Amino acid sequence: MILQSAGQLLQPIIQAVVDQFDAAFQPAVPQRLVERRHLEVTGLFGSVHILRNYYCQGARGHCPADAALGLEGSYTPALARMMYRAAAKNSYAEASQDLFEYAGVQVCDRQIQRLVQEVAPAVAPWLKTRQDKPESALMYVSGDGTGVPMRQEELAGRKGKQADGSAKTREAKLGCVFLQTQVDAKGHPVRKEDSTTYLGSFAGAADFGLLLRQEAQRRGMAQATKIIFIGDGAAWIWELVRVNFPGAILILDFYHALQHVHGLVDALCGKETTEGQKRIKLWKGWLLKDKAGQIVQQAKAQLERCLDREKAEKEIGYLEHNLARMTYRTFRQAGYFIGSGVVEAGCKTVIGQRMKCSGMFWSEEGGQGMLDLRCAFLSNRLDAFCQARATDHAAQNDLLKLAA
């Protein structure tokens, strides 16, 4: 009742604003006024009904007052922003319920989905125009990938891990950038609060690498004291770094390195054996003392009597390939992070929590839109995007007016 009363009070005020704008608006010559058209506008205080001028230019028509009010379809900017946030956090059905529970606004899940699908594609182009304030700090960059369930038509011809070789998912790549300005009393690195931004894409590794470089540039890569890239050892990651971050300090995620040490021990003597447990403890200590090369040498000396030579040689090859990226004592003494937990957690929180729920199957277009929206939300950029949308709407009318 309160919201309905507020809506009734606002209706004549909003209509007066619309009338004032329509009276002052001077359309470009090719446009002609057709009629006054009705619109039911839904906002945080319920719905109001307005009449506004409708202009036509050829087959295209528009209502300048809609842009002046910053409307997204028939929704006010404030409600549209809440719809974006709700949809970025939860499923469309849950978003609809949240809006009703927290704001008393009834918007069905299909309406939220339609608005997101219409607006989300504008996030990526907007991001390209953005330049964050640069800071003098250590800049960390990471990338990883995770599978997203897709519609059948999006999976045609793709290889996967199912019994018949087909795929149920497509890889969504996630990149993150964050800053470090200090270490704690014990010399451990401290991530700067609220400095993490995310970027997600279904693009291939080469295109994704360019997007990640652009994100680092937006964050002030040129002013950073050092660029540090932490990766999980995947070949596409290091190639991405070689092309886009040639001067970066490269660190193989310590926990991935340790995982491969476990695999090597298992291939040599069995990691559950007494000898295996001793070897894992010893070699973990060597990793932290810049002695990865000694692990490789010792492992090679035992190949003739190992349990699984093929697996052992594979693990040795992995460690050899990454020796320069495993000087963990040196990295820790410099006060650097040695783990890629930020991007790995991001794969779960940014992508998994919203896009891997039961019954969800995405199109590439819809999935990319949600990736962009969710990255903007979790990078604390959604409000800036909404403000930019309002500015763009107002600018549309300026383009349609006659030159002074």
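Tutor: We will go through a sheet, then ring pairs, then charges over rings. Keep in mind that this is a predicted model.

Student: In what order do the three strands of the open sheet lie, and is the pairing parallel or antiparallel?

Tutor: The order is 1-2-3, and the pairing is antiparallel. Strand 1 (32-43) and strand 3 (60-62) are the edge strands; each has a single partner strand, so one side of each has no neighbour in the sheet. On average, neighbouring strands here are turned by 30 degrees against each other, direction ignored.

Student: How many bridges join strand 2 and strand 3?

Tutor: Three bridges, in the antiparallel sense, join strand 2 (residues 46-57) to strand 3.

Student: Now the rings. How many aromatic pairs does the structure hold?

Tutor: There are twelve aromatic pairs. To class a pair, read the distance between ring centres and the angle between planes; under 30 degrees counts as stacked and over 60 as edge-to-face. Tyr-140 and Phe-178 are a stacked pair, with 4.9 Å centre to centre and 5 degrees between the planes. Tyr-140 belongs to strand 4 (residues 138-149) and Phe-178 to strand 5 (residues 169-183), so their pair ties together parts 38 residues apart in sequence.

Student: Are Tyr-140 and Phe-178 buried or exposed?

Tutor: Both of these residues are buried. Compare the pair Phe-208 and Trp-236: the ring centres are 6.3 Å apart and the planes stand at 65 degrees, so this pair is edge-to-face. Phe-208 is in helix 7 (residues 205-218) and Trp-236 in helix 8 (residues 235-244), so the contact ties together parts that are 28 residues apart in sequence.

Student: Which residues do ring pairs link into a cluster?

Tutor: The cluster consists of Phe-254, Tyr-255, Tyr-328, Phe-331 and Tyr-336.

Student: Last, the charges. Which ring does Arg-325 lie over, and where does the charged end of Arg-354 sit?

Tutor: For such a contact, look at the distance from the ring centre. Arg-325 lies over the face of Trp-238, 4.3 Å from the ring centre. The charged end of Arg-354 is placed over the ring of Tyr-92, at 5.1 Å from its centre.

Terms used. Residues are numbered from 1 along each chain as its sequence is written. This is a predicted model: local features need pLDDT of at least 70, side-chain atom pairs count only at pLDDT 80 or more; totals for chains, interfaces and linings use all residues. Side-chain values use heavy atoms; hydrogens and water are left out. Two strands pair if DSSP finds at least two bridges between them. Helices (H or I, at least four residues) and strands (E, at least two) are DSSP runs, numbered from the N terminus. Axes are lines fitted to C-alpha atoms, for helices over the stretch in contact, and angles run from 0 to 180 degrees between N-to-C directions. Rings of Phe, Tyr and Trp (its six-membered ring) pair if their centres lie within 6.5 Å; planes under 30 degrees apart count as stacked, over 60 as edge-to-face and the rest as tilted. Buried means under 20% relative accessible area, exposed over 50%, partly exposed in between (1.4 Å probe, protein chains only). A charge sits over a ring if NZ of Lys or CZ of Arg is within 6 Å of the ring centre and within 35 degrees of the ring normal.
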